[in-house]
Amino acid sequence: MASSGDELVKYITEKVVVFMEDPRAVRARRKAEKQPWAEKWFGTLPLAWSIWRSKWSRKERQ
């Protein structure tokens, strides 16, 4: 059991070191490349819904 705890600490330490060594620009670029969660889980359906809703609300205003 102690070895698995040591492995966990080693793994977390490695991840933190890699994160800290990456320049901010690389981290920001990686974050910018991520998809929005709605698109990731539901595909383009939320986008289609928002476009349809915006067209519908514009027609009501006129």
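Guide: Helices (H or I, at least four residues) and strands (E, at least two) are DSSP runs, numbered from the N terminus. This is a predicted model, where local features need pLDDT of at least 70, side-chain atom pairs count only at pLDDT 80 or more, and totals for chains, interfaces and linings use all residues. Residues are numbered from 1 along each chain as its sequence is written, and side-chain values use heavy atoms, leaving out hydrogens and water.

Visitor: What percentage of the 62 residues in the protein chain is buried?

Guide: Buried means under 20% relative accessible area, exposed over 50%, and partly exposed in between (1.4 Å probe, protein chains only). Val-16, in helix 1 (residues 2-21), has 46% relative accessibility and so counts as partly exposed. Trp-52 is partly exposed too, at 47%. For the protein chain, the buried share of the 62 residues is 0%.

Visitor: Which residue forms an aromatic pair with Trp-49?

Guide: The whole structure holds one aromatic pair (ring centres within 6.5 Å; planes under 30 degrees apart are stacked, over 60 edge-to-face, the rest tilted). The pair is tilted, with 5.1 Å centre to centre and 40° between the planes. Both residues lie in helix 4 (residues 45-61), three residues apart and so separated by about one helical turn. The partner of Trp-49 is Trp-52.

Notes: Phe/Tyr/Trp six-rings, centres within 6.5 Å; stacked < 30°, edge-to-face > 60°.
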